[in-house]
Amino acid sequence: MDSRSRRLDFIKENHQQLQQKLVEEKRAVVDAKAKISAQQDKISAMVEDMLAKAEASERRAAMAKAAAVTEKPKPPKIRAQVEPPKREEPAKEEVTIKREIDGELLEYVKRETARLNDLLADEEGNDRKTFNNLEMRPIGGERVPFEFLGENQYRLVTTVESGRQTYKINTWKFRRTIPAEDDGARYVFIFDARRLSRPRLVMYPEYVLAELN
């Protein structure tokens, strides 16, 4: 009888040890998953920051080139107005202010516009919506809904503020730098959702579209 009792006690003790070990292993698995998730978030943040820095560098180079073009001597139109044979002042309606557009920015808008038009021109294209409700919200700003165009392309037009900006589209975040001269300008945003693992956000000033015609 004592032998049987000892066997039962031994079995119970082993069972408790196994249960405790199982609990510890489950806790270790949960901790490992949490560490992996945190590492993935850190890597994603690093990649987004690197992309944002590269884009900011490109925009600064474009702004520097635009400033260099602006500083060049202008054609002698003003000189012709200063030396007229008649004492007439130039008509005010002839004086127009035109925004200087960087050549690289213009080419970028041309490429992205052509890409979008080619996608939407496909008669057998995909018109199924991935998102029934897709919105963009600048940090500290109001939500703005996207318009579905087809082929998993979404578009909106809204005003922007200059400086370093973060735009949140559903669960994705995109960081961009808006030039000082575009403060308050209307920008076109195109969200390309064909690859949800790495969606693209295309954005450019709306006033550039007037130069495409």
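## Aromatic pairs and a pocket

Phe146 is buried, with a relative accessible area of 12%. Phe191 is buried too, at 0%. The model behind these values is predicted.

Phe146 and Phe191 also form a pair. Their ring centres lie 6.1 Å apart and their planes meet at 50°, so the pair is tilted. Tilted pairs fall between the stacked limit of 30 degrees and the edge-to-face limit of 60.

Tyr154 counts as buried, at 2% relative accessibility. The two pairs compare as follows.

| Aromatic pair | Centre to centre | Angle between planes | Class |
|---|---|---|---|
| Phe146 and Phe191 | 6.1 Å | 50° | tilted |

The structure holds eight aromatic pairs. Both tabulated pairs belong to one aromatic cluster, formed by Phe131, Phe146, Phe148, Tyr154, Trp172, Phe174 and Phe191.

**The fold**

How many helices and strands does the chain have? There are three helices and eight strands. From the N terminus, the order is α-α-α-β-β-β-β-β-β-β-β. Among contacts with a separation of 6 or more, 61% join residues 24 or more positions apart.

Buried residues make up 23% of the 213 residues. The chain exposes about 16400 Å². Carbon and sulfur atoms supply 51% of that area.

**The largest pocket**

The largest pocket holds about 1300 Å³ of space. Its lining counts 45 residues. Nearest the centre of the pocket lie Leu51, Glu55, Tyr108, Arg176 and Leu201.

Which elements supply at least two residues each to this lining? They are α1 (2-70), α3 (103-120), β6 (172-178) and β8 (200-205). Helix α1 gives the most, with 16 residues.

The lining divides into 23 nonpolar, four polar and 18 charged residues. Tyr counts as nonpolar, as does Leu, whereas Glu and Arg count as charged.

Technical notes
Residues numbered from 1 in each chain as written. Predicted model: local features only at pLDDT ≥ 70, side-chain atom pairs only at ≥ 80, totals over all residues. Heavy atoms only, no water. Helix = DSSP H or I, 4+ residues; strand = E, 2+ residues; numbered from the N terminus. Buried < 20%, exposed > 50% of the residue type's maximum accessible area, 1.4 Å probe, protein only. Contact = heavy atoms within 4.5 Å. Areas by Shrake-Rupley, 256 points an atom, 1.4 Å probe, with all protein chains shown as cover. Phe/Tyr/Trp six-rings, centres within 6.5 Å; stacked < 30°, edge-to-face > 60°. 1 Å grid on protein atoms, 1.4 Å probe; cavity = no way out; pocket = protein on both sides within 12 Å on 5 of 7 lines; lining within 4 Å. Points joined across faces, edges and corners; volume = space filled by probe spheres on them.
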